[in-house]
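Please work through the exercises below with the sequence and the model at hand. Each task is followed by a solution in steps.

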Amino acid sequence: MGKTKHTGPIKLDKKLDPSLWAGLAPMGIGRIKPHHIKDTLKAAWDNKDNLPYAYRILTEGVCDGCALGVSGLRDQTLSGPHVCTTRLNVLRLNTMRAIEEKWLHDVENMKKLTSTELRKLGRIPYPMSRKRGDNKFTRLSWDEALTRIAAKIQSINPRQLAFYLTARGITNEVYYTAAKTARFLGTNNIDNASRICHSPSKTALKRSIGIGASSCSYKDWIGTDVLVFWGSVAANNQPVSTKYLYAAKKAGTKIIMINPYREPAMENYWIPSIPESALFGTKIVDDVYQVNIGGDIAFMNGVMKHWMEMERENRGAVINHCFVEEHTNGYQELKYHLMKQEWSELEKSSGVTKSRMLEFARLLADAATGVFVWSMGLTQHRFGTDNISQVANLALLRGFLGREKCGVMPIRGHSGVQGSGEMGADPFVLPGSDFNEENAVRMEQLWGFPVPRWQGDSIGQILENTLLPQNHKRRVKLFYTSGGNFLETMPDPDAIRNMLEAVDMRVHQDIIFNTSTLVDAKEEVIILPAMTRYEQPGGGTSTSTERMVYFSPEIEGPRIAEARAEWEIYLDLASRVYPDRKEQICFNNAEEIRREIAEANRNYEGIQDLKVKGDFFQWGGAWLCEDGLCPTKDGRGNLIPIDIPENRRTEGQFFVTSRRGKQFNSMIYSDTDSFNGAGRYDILMNKADAAKLRIKENDPIVAFNKFGTFQGYAKFGEVKTGNIAVYWPEGNILLPKGVLERYAKIPEYNTTVIIEKAETFHAQKDKRYLEKRIEELELTAE
């Protein structure tokens, strides 16, 4: 994929530079900002009963928080120690003791608790079962639990079996054995948390440039001419990355944010491990382009249309014709498509003026190098794949690919999720390859058993299939999930509850309880206690955003007596379903799994040699598509014309999206957002929009549509007019269920709403009024 190797971490320039300071107030006194010292002390207090073990996890293990890939306290980008509050908040999951047994005998009492409160109760201590309607969990032996699950699998069609794996510190070894187990049991219904976030990235990059991962490394941020964050808030979701941004600013990089909300964390950040920044803060972004939610395609079309007009006056002024002619297809078709676009439509859809689009077009035109970074602000739309292909178009036209300080990066929010699809825990792929006949045959030769050829379902489809008629061959009757809380991660929580209750048997393999765990199943819910990555015998590996595969060793410390390694549980279950073929799915230890991974996924050659703390390698080299050579059929990238998506709203409606606060996935650590002071039920909106509705800050307001009603409080912020943001998962009630992205089949996480003062909404909340408003919304959705 690339011949140049990563050269390791560079030294951080810590010389004082007052031009980057956020202000003169020491440590940001009086500003709304994270309090890192306070949060660190809180983490120490939370882990006080296991401090030596907690310290060993931090200094010896690979971070199970975000996907930057910090091993111990170090990474391959910047020299020196790194730790962040995200990692410290997750730490307690690994050091907690088992839940007190009294809770397990009163499920109704447990149901009164939030997931945050449930998490704090402690770890799952042993296998257990709860039949429908029971108010307590019944303890099971491992033998009894797995025998029950195996019997259910034997009684159903393999298409009625589905697996799901979350991002909760799961290792490549677990993803791989789960993928192998699913196919051994005859099902392709296996999905993972990374697809809900980034499957449009993978789908788009595969069709545009032939890769399914970041083309560059984090080091390429530092010193590139322009670094663009699209719908991604690295300072919030990957806090250690602020050190990279500080280094980039010192190296002269211009940092641009494209987002409907001027994220305070990206404007100014106090980096605790850099004295200058800890004291005076650091100004991060140089400019912000506030697009409408869903307006990114129009914005990028406008930028490229400007480029074509600039080219008409001076050929070569923008387009890297040498790169385009040698390494791309479709330039003339794209050019023709862009020139047909009307500026009025581009401005209306994007919410950005023609002149502002020209500013960005010129910025990129003047840059010799550039890196584009994005996250769920681009992917979680029904047109997410098209969003990412537009980013690829920009990179290809400028030749920002396959060389130093250039690239496209779908930044991952959770540790190790990059490896989930690469291990085959995905309905659309096999380990290291797409799901097609050639690769199915290849895996059959390696595994020694047949691979089912039918197309598996994504998690959204899996959940919908629980409601199919009882005798339907695709009705999901056994749903097996490693982690995950669908009540708090999927749109329309009430509908999701109905789906979870409709499954005959649900298996929750996890380390803690959450609200989904307590939902009834039609027959039975079985709970299995899992080990964390740091407890896994023989250690485990995880893959970072930049394709670094790190070894995380088993760490000595206290254990939950009956918890088992997750890869071991999958293999034990499979051997019970088909005991006469169990030798086909047998691994004696984690090292054997890594050896087979190296055979199954050719990019992972070298994983079998990772054995001790600090071991790592980067698959594909420093840059994928090096020298412009793409792993597509003809070795060329594809420029793809993208139409402006239908993204209308009527007068009085707002585009709405979800926002993450102080949380790790659905695990919430504070009721207050430390970057803007907002509460979990605050609705972020523009002051000018509020004035038109005679809404004052902190007024109770209601956001509603035909899917749901959300009551909160007005919180003013620098949000693009006509757009609002609600916190996730609290605002998921407004999101439509069953609306899936066209190519990657992930849920839509954006919609439109009407906003009214709470007193007005409730005063007029009669049948005629609601029917009228719902009718209006249905008409505008057609």
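**Exercise 1: Cysteines**

At 44% relative accessibility, Cys586 is classed as partly exposed, a label that lies between buried (under 20% relative accessible area) and exposed (over 50%), with a 1.4 Å probe and protein chains only. This is a predicted model, in which local features need pLDDT of at least 70 and side-chain atom pairs count only at pLDDT 80 or more, while totals for chains, interfaces and linings use all residues. Residues are numbered from 1 along each chain as its sequence is written, and side-chain values use heavy atoms, with hydrogens and water left out.

Task: Determine whether Cys84 is buried or exposed, and state how many disulfides the structure holds.

Solution.
1. Cys84 has a relative accessible area of 10% and is therefore buried.
2. A disulfide requires a pair of cysteine sulfur atoms within 2.5 Å.
3. The closest cysteine sulfur to that of Cys84 belongs to Cys66 and lies 5.6 Å away, which is too far for a bond.
4. The structure holds zero disulfides.

**Exercise 2: Packing of H13**

Task: Classify the packing of helix H13 (residues 296-313) against helix H19 (residues 384-398) and against helix H15 (residues 331-340).

Solution.
1. Helices (H or I, at least four residues) and strands (E, at least two) are DSSP runs, numbered from the N terminus. Axes are lines fitted to C-alpha atoms, for helices over the stretch in contact, and angles run from 0 to 180 degrees between N-to-C directions.
2. H13 and H19 pack at about 20 degrees, with axes 9 Å apart.
3. H13 is therefore roughly parallel to H19; angles under 35 degrees count as roughly parallel, over 145 as roughly antiparallel, 65 to 115 as roughly perpendicular and the rest as oblique.
4. Residues in contact (heavy atoms within 4.5 Å) include Trp307 of H13 and Leu394 of H19.
5. H13 and H15 pack at about 105 degrees, with their axes 9 Å apart, and they are therefore roughly perpendicular to each other.
6. The contact with H15 includes Met304 and Arg312 of H13, together with Tyr331 and Leu338 of H15.

**Exercise 3: Thr171**

Task: Locate Thr171 and state which residues Thr171 is in contact with, leaving aside its neighbours within four places in sequence.

Solution.
1. Thr171 sits in the loop between strand E3 (161-165) and helix H7 (172-184).
2. With 2% relative accessibility, Thr171 counts as buried.
3. Apart from neighbours within four places in sequence, Thr171 is in contact with Arg533, Gln536, Gly540 and Thr541.
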